[in-house]
Every structure is written in structure tokens, then in C-alpha cells.
Amino acid sequence: MDIVNPALDDYLLAHASPADDILRDLVEETHQLVPGTSMQITHDEGELLTMLVRLTGAAFAVEVGVFTGYSSICIARGLNADGRLLACDVSEEWTSVARRYWERAGLEDRVDLRIAPAVETLRALPVEETVDFAFIDADKSGYPTYYEELVPRMRPGGLIVLDNVLRGGRVVDPSAQDADDRAIRQINDTITADSRVQSVMLPLRDGVTLARKR
């Protein structure tokens, strides 16, 4: 199921602020390494992340799922001058690409990469309302756990962004769902019923949820 008419994709991308050479080169290298990958966010979603980080005035952000670092760059660029991004991933291979591009973008001193299961990294954080912004784009079965670890640590007004919440439309087709799809349905329902947050789901690419801590 196409969430957006494919004929509009190029138009949408053309009407976001253009990517710079660093991001364009990262996209090209990523697609050379993993042809046809859908694990990297698109440029318009990256622009949205940067804008949301700036709008929240974030100084401390958390990213669950780094891959080759496109979203990390977008988040880090939106942080306050002294801001820090805690980036969680389990792959040395893919994040080695990310490290090169963080350095090229002049962001290496802003990104704190932790190679470990994200749930361990999150649980090691103080249980205090210190996180301004969080982005979840990792293993789908882990979304419910990542969300529950993050919400208590978000400051009031802090924003959690979750990617791939429509799963190619399978969230509305139980006959086509696998375990990952069911986990996403679970977290979608959880967020809607969660009195701790105000949320909205956007039909951007494969679906993006914004959950703002009350």
C-alpha cells in the first residue's frame, strides 16, 4: 500500500530545503553498500527532524537506531550550541560509516555513540526528566520497550518521534501482519491511550508519530 502517491514523491522531496553535499554523499554511499535499502530516512523526513529539534529547543537528544548516521546528522544539527546526542546502536559496521560523516559534518563532539542493546543504554540513564527529544527507528519489536523507557525520562514538552508506524499499510491488515507489524500496532494503540503524552500520527513516508510529554 502506498501511503503517498508515488508520483508525488519527487515533488515532495523537491519542496523541502535541499540536502547539502554531506547528506547527498552519505545517501549515495549507503545505497552502494546496501542497494535498495529502506533503513535510511528520506531527505524530507530528515528536514522534519532538524526542524522539530530546533522547535523544541533541545539540548539533550536520544536516538535509538543509527544505521549509517543520516538521522543523527539531522538531529545533531538542530541541537542547541552546547547540545548532545546519545546515539544507540548495535552495529560497529554501519556506525563506522556514520562516524566518518559526523566528523565531516563537524558533529563528532556532539554525538555520543553507544554500541550496546539500546534498552541497556536507556536503562542506564538517570530516571529523571532530562531528555528533550528522542527518535526511535530501530528493531520494531523493541518499540514498546524503548517508548516505555523514554517517556519517564522526557522533560515536560519533550518530544518522542517514532518512524515506520504504518508498516507499509499493514497496520490495518491483520492478515498480512508479522511480529514486527503487531509490535507497531501495539505501540500505536499504547501511545493513543497514554495520558502522559499528546500525540499525532503523520502520513509521512512510512508513517511518523509525534508524542509530546505533557
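View 1. The model is predicted: local features need pLDDT of at least 70, side-chain atom pairs count only at pLDDT 80 or more, and totals for chains, interfaces and linings use all residues. Residues are numbered from 1 along each chain as its sequence is written, and side-chain values use heavy atoms, with hydrogens and water left out. Strands (E, at least two residues) and helices (H or I, at least four) are DSSP runs numbered from the N terminus. Two strands pair if DSSP finds at least two bridges between them. Contact means heavy atoms within 4.5 Å.

**View 2. Strand 2 (residues 84–89) pairs in parallel with strand 1 and with strand 3.** Five bridges join strand 2 to strand 1, and E63 stands opposite A87. Strand 2 and strand 3 also pair over five bridges; here L85 stands opposite V111. Strand 1, helix 4 (residues 70–78) and strand 2 form a right-handed β-α-β unit. Right-handed means that, with the strands pointing away from the viewer, the path from the first strand over the helix to the second runs clockwise. From strand 2 the chain crosses through helix 5 (residues 92–104) to strand 3, again as a right-handed β-α-β crossover. Five of the six residues of strand 2 are buried, so this strand is largely enclosed by the rest of the structure. Buried means under 20% relative accessible area, exposed over 50%, and partly exposed in between (1.4 Å probe, protein chains only).

**View 3. Strand 4 (residues 131–136) runs parallel to strand 1 (residues 60–64) and to strand 5.** Four bridges link strand 4 to strand 1, with F133 as the bridge partner of A61. Five bridges link strand 4 to strand 5, where A134 stands opposite I160. The chain crosses from strand 4 through helix 7 to strand 5, and the β-α-β crossover is right-handed. Strand 5 is mostly covered, with eight of its 10 residues buried. Strand 5 and strand 7 run antiparallel, joined by five bridges. L162 has T209 as its bridge partner there.

**View 4. The largest nonpolar core holds 33 residues.** Such a core is a set of buried Ala, Val, Leu, Ile, Met, Phe, Trp, Tyr and Cys residues joined through side-chain atoms within 4.5 Å. L49, I73, I75, W102, F133 and V161 touch the most other members. Helix 4 supplies the largest share, five residues. Not counting residues up to four places away in sequence, I73 touches I22, L23, L26, Y101, W102 and L107. Another core, of 29 residues, lies apart from it; V119, I160, L162 and V171 are among its members.

**View 5. H43 lies in helix 3 (residues 43–56) and is buried at 13% relative accessibility.** The side chain of H43 makes a polar contact of 3.2 Å with the side chain of Y70. A polar atom of the H43 side chain also lies 2.3 Å from the backbone oxygen of S17. A polar contact is a pair of N or O atoms within 3.5 Å; within protein, one must be able to donate a hydrogen and the other to accept it, and residues adjacent in sequence count only if both atoms are side-chain atoms. Beyond four places in sequence, H43 touches L13, A16, S17, P18, A19 and Y70.

**View 6. D137 sits in the loop between strand 4 and helix 7 (143–150).** D137 is buried, with a relative accessible area of 13%. Its side chain makes a polar contact with that of K140 (3.3 Å).

**View 7. D181, in helix 8, is buried at 0% relative accessible area.** A 2.9 Å polar contact joins the side chains of D181 and R170. Not counting residues up to four places away in sequence, D181 touches R167, R170 and A176.
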